[in-house]
Amino acid sequence: MWTELKTLLWLQWKLTRAMFRSRRVSEKLRFLGLIFRAISLLFTFPMFIVMGIGVAVGLILLSSRAAYEAVMMANTFLFFAWLLMPASANSQMVERFEMSRLFPHPISFRSLVVGSTAVSMLTMTGFWTIPLLVGEVIGLTYHQPLAFPLIALGALPAFAVLVLTGRIMDDVFDLVAGDRRLRALALTLFTLPFMLCWLGQYIFQYADWEQNPFLQSLDTASGPSEALEMLNISSLLIWVPPAWPTAGMSLAVSGQWGLALLFLALSVVGIALLLRVHAGITRRLMQGAALSIGAERVRSRRWRVRLPGPPALWAVFRKDWLYLLRSPIPRRLIFSSIMMIAAMILPTMRGLGENDLPPAIQHLIPLFVGAFVLTMTDMAINMGLTANYFGSIDREGFVTLALSPLKRQYVLLSANLVALLYAGLQSIVISLAIAIITGLWVMLPLGTCLGVCLQIGSTPAYNLAAIIGPYRAQLKFSRGTRQRGNMWGMLAWVVSAPPVLALILLPYIFWKPGLVITIPAAIVYSVGLYALTLKPLSRLLQRREHAILEAVTAQE
Amino acid sequence: MNENSTAIQTHTLTRRYGDLTAVDRLDLAVPRGVIFGFLGPNGAGKSTTINMLTSLLPPTAGTATVAGFDIKEEPLEVKRRIGTVPEDLSLYERLTASEHIELVGRLHGLDHAEVERRIPPLLDLLELEDSADKMILDYSHGMRKKTALACALIHAPEILFLDEPFEGIDPISTKAIKEVLRDMVDQRGTTVFFSTHVMELAERFCDRVGIINKGQLAGVGSIAELRQRADLPDNAPLEDVFIRTVGAEVEDEGLLGWLTGNENVD
């Protein structure tokens with residue numbers, strides 16, 4: 001077993017070291033990349049140590065009871081970080097240690113279970129967990145030096161629980177890795193606790209501190225120690241997996257030796273249970289029990305209505321439309337847009353009416369917020385759909401288009417029409433939401449108009465980005481062309497979008513009747529810009545077809 | 001080691017996925033020291049069979065022994081004696097070919113010096129030496145296949161399971177690999193069990209052939225025996241034997257008349 005373990009650790013070492021390998025062809029760029037990564041690591045590891053020192057100092061400054069509460073919170077945070085293990089930056093920088101790849105080889109079940117757990121420790125998440133735990137041990141020991149053996153002993157099961165949590169998350173990810181939709185769902189579920197915590201902060205922001213006696217008492221706390229003690233969050237966190245070993249290492253500080261020992265004993269039971277779960281999933285994986293929700297059944301209906309214009313355009317449009325409905329990318333975009341809107345609207349709306357600004361300016365805030373939200377969501381849609389058309393929407397399928405005698409402008413027109421429908425709908429929803437929240441009903445037509453004009457006017461910029469920087473959407477690394485495309489896209493957007501914003505926002509602020517002229521002018525500008533650039537962009541697409549094909553069909 | 005003359009033996013081997021029976025009561029015996037071609041249409045159960053025989057997938061019913069070891073009871077012993085190129089190549093993409101081959105060598109218990117000795121000729125055979133230090137991420141499909149093949153060969157296994165081994169590999173490498181495999185079979189008594197769709201390859205390369213259709217074994221034997229059973233002349237190509245055995249002859253070309261030019265115009 002030891003030889004097998006050594007080989008697994010050797011494999012993890014090789015995978016970690018491969019992080020420094022670059023795909024860049026140029027020696028100079030490769031060397032620069034290596035230097036950059038070396039410098040970032042030089043900063044990263046000392047930063048972990050500084051974090052550990054920070055934790056130690058912070059705990060020393062708190063009361064012993066507050067230190068217990070703080071350690072509970074810190075370890076719960078660590079627990080969430082380990083939950084995100086499969087989706088973490090570490091997983092993207094370092095190739096995943098996918099157990100299933102080892103199954104064809106003669107490696108024992110026990111070695112796999114133990115080895116994969118050991119490998120989880122040797123990850124970036126593991127590297128920054130250790131200094132934090134050491135900081136906790138130092139900080140807690142300061143309050144009760146006699147309890148050092150128990151505190152240090154408690155840190156080991158705490159680390160084990162965290163590592164096993166991460167390992168099990170990786171196992172779950174392995175179970176669903178073969179199914180694209182389940183994988184996407186798992187990633188969403190893994191990140192959900194963080195999202196909920198993030199949205200939860202607004203509950204605190206909106207809570208009426210003056211009416212709630214508990215929150216009022218918190219407001220009167222003399223310092224962080226008293227606030228933490230009053231918050232008593234450990235009574236809730238005790239149900240989170242790392243809480244038992246954390247209680248085991250911290251309760252001795254306040255003299256509760258018996259309880260500390262009891263929690264340590266419970267931690268050992270918890271670790272055994274987690275290990276059993278990991279072993280169970282490993283065994284199931286070894287028996288080929290990868291989860292799958294099976295082939296997705298889709299309804300395919302012919303469009304009975306004959307649309308005006310070239311049939312070839314509508315054929316591509318139908319393909320793009322169906323792809324939009326069936327691809328997980330739009331769903332992710334919708335989700336991220338909603339989160340972005342919530343993040344931007346909620347704090348701003350809270351501030352309305354609570355400042356000393358003149359009423360005329362206060363009246364304009366919803367408009368600015370709306371314009372900002374619409375601009376940002378427009379960017380989010382286009383960065384995902386339009387600028388990413390070749391690669392994420394049209395991947396290997398682009399060969400079909402490239403082989404066809406189709407006019408290239410139809411390819412762009414179709415992709416842009418689909419994005420416009422999506423963006424138009426989203427603009428209506430956002431404008432309606434802002435109108436309902438603020439009571440400023442003019443936002444509905446104005447916001448919708450702004451959203452649609454922004455979409456049409458900025459589309460050429462994103463088309464340019466898509467053609468110059470075709471990119472295969474993936475969870476791994478981006479290519480150089482992607483950055484180049486984004487840069488050109490941003491530059492072109494800076495030129496194309498401000499006139500639309502100016503034509504709609506400025507007249508509303510300074511002379512509302514002017515909107516009768518400027519709104520049609522914004523529409524003419526957007527549509528005109530689009531129409532004028534469509535042909536040159538189509539020619540560019542034709543010229544770069546081989547490069548695009550190479551980029552989006554290359555093996556990853 | 002089991003000295004039995006049968007390399008692979010299955011007895012009513014079955015694998016079901018819900019209502020679908022992918023492999024249905026398969027009884028198969030593959031002698032040692034032969035190249036055995038496992039043929040069948042898409043979805044016939046070839047890969048499922050290979051996955052079960054390599055202990056990657058437990059059978060729903062039935063038993064099988066590989067190199068004398070039960071696939072369910074002693075999967076590790078089976079894996080020690082076999083080399084596999086699975087359908088899904090499952091390679092660590094950020095390792096180089098050399099590193100990957102070394103990994104597999106080490107997992108099979110070869111010491112460092114031995115692995116170092118074996119890798120260069122393998123890379124040379126598979127024409128991977130120029131790319132040996134590139135990440136697998138940058139390899140073409142054919143190069144990935146060659147890497148997987150090198151991994152399957154590094155420990156000189158008793159039995160090789162190759163799922164579509166030559167798909168995407170250039171003719172020069174294919175010829176070189178076939179020669180090595182033939183030498184392994186003739187001189188070391190290795191058994192090669194491989195699935196393919198390419199009938200010409202199976203015809204020229206295999207000593208024995210098994211044909212699977214809809215999960216059931218439709219025929220097994222030498223190509224001459226299969227021809228005889230299919231009631232075809234001695235010079236009939238394997239393609240005809242295959243089509244006759246699986247009963248997949250095209251009966252009505254009339255529906256494609258618009259394409260073939262055989263449209264009946266009344």
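**Strands, helices and confidence**

Analyst: This is a predicted model. In chain B, E1(B) and E2(B) form a hairpin with 2 residues between them. Gly18(B), in the turn, has a positive phi of about 60°.

User: How many bridges hold E1(B) and E2(B) together, and in which sense do they pair?
Analyst: There are 8 bridges between strand E1 (residues 6-17) of chain B and E2(B), in the antiparallel sense. Gln9(B) stands opposite Ala29(B) in E2(B), and Leu13(B) has Leu26(B) as its bridge partner.

User: What sheet do E1 and E2 of chain B belong to?
Analyst: An open sheet of 4 strands in the order E2-E1-E4-E5 (chain B), with antiparallel pairing. Its edge strands are E2 (20-31) and E5 (69-70) of chain B, each pairing on one side only.

User: Which helix lies across E1, E2 and E4 of chain B?
Analyst: Helix H1 (residues 46-53) of chain B does, running at about 60° to E2(B). H1(B) also lies across E3, E7, E8 and E9 of chain B, at about 150° to E7(B).

User: OK, those belong to another sheet. What is the strand order in the one with E3 and E9 of chain B?
Analyst: The order is E6-E7-E8-E3-E9-E10 (chain B), an open sheet of 6 strands with mixed pairing. E6 (82-85) and E10 of chain B are at the edges with a single partner strand each, so one side of each has no neighbour in the sheet. From one strand to the next, the twist averages 15°.

User: Which way do E7(B) and E8(B) run, parallel or antiparallel?
Analyst: Parallel, with 5 bridges joining E7 (residues 159-163) of chain B to E8 (residues 191-196) of chain B. Phe161(B) has Phe193(B) in E8(B) as its bridge partner.

User: And E3(B) with E9(B)? How many bridges there?
Analyst: 4 bridges join E3 (residues 35-39) of chain B to E9 (residues 208-213) of chain B, and these two run parallel. Phe36(B) is bridged to Arg208(B) in E9(B).

User: Then what about E9(B) and E10(B)?
Analyst: E9(B) pairs with E10 (residues 216-221) of chain B in the antiparallel sense over 5 bridges. They form a hairpin with 2 residues between them. Lys214(B) in that turn has a positive phi of about 50°, and Asn213(B) stands opposite Gln216(B) in E10(B).

User: Switching to chain A. At what angle do H19(A) and H22(A) pack?
Analyst: The angle is about 115°, with the axes of H19 (residues 408-438) and H22 (residues 515-543) of chain A 8 Å apart. That makes H19(A) roughly perpendicular to H22(A). Their crossing is right-handed.

User: Which residues meet there?
Analyst: On the H19(A) side, Arg408(A), Gln409(A), Val411(A), Leu412(A) and Leu413(A). Among those they meet in H22(A) are Leu534(A), Leu537(A) and Leu541(A). By class, the contact of H19(A) with H22(A) has 6 nonpolar, 3 polar and 2 charged residues.

User: How about H7(A) and H13(A): what angle, and how far apart are the axes?
Analyst: H7 (residues 148-176) and H13 (residues 257-286) of chain A pack at about 20°, with their axes 9 Å apart. That makes H7(A) roughly parallel to H13(A). The crossing of H7(A) and H13(A) is left-handed, and their contact has 17 nonpolar, 5 polar and 3 charged residues.

User: How many residues does each chain put into the contact between the chains?
Analyst: Chain A gives 20 residues and chain B gives 27 residues. The side of chain A that touches chain B has 7 nonpolar, 7 polar and 6 charged residues.

User: What are the confidence scores for the model?
Analyst: It scores ipTM 0.71 and pTM 0.70. Chain A has a mean pLDDT of 79, with 76% of its residues at 70 or more. For chain B the mean pLDDT is 87, and 95% of its residues reach 70 or more.

User: Where does pLDDT stay under 50 in chain A?
Analyst: Over residues 473-480 of chain A, for which the model has 11 contacts beyond four places in sequence. Where pLDDT is low, the predicted coordinates should not be read in detail.

Key. Residues numbered from 1 in each chain as written. Chains lettered and ligands numbered in written order. Predicted model: local features only at pLDDT ≥ 70, side-chain atom pairs only at ≥ 80, totals over all residues. Axes fitted to C-alpha atoms, helices over the stretch in contact; angles between N-to-C directions. Parallel < 35°, antiparallel > 145°, perpendicular 65-115°, else oblique. Left-handed = near helix turned anticlockwise from the far one by under 90°. Contact = placed C-beta atoms within 7 Å. Nonpolar A, V, L, I, M, F, W, Y, C, P; charged D, E, K, R; others polar. Pairing = 2+ DSSP bridges. pLDDT = per-residue confidence, 0-100.
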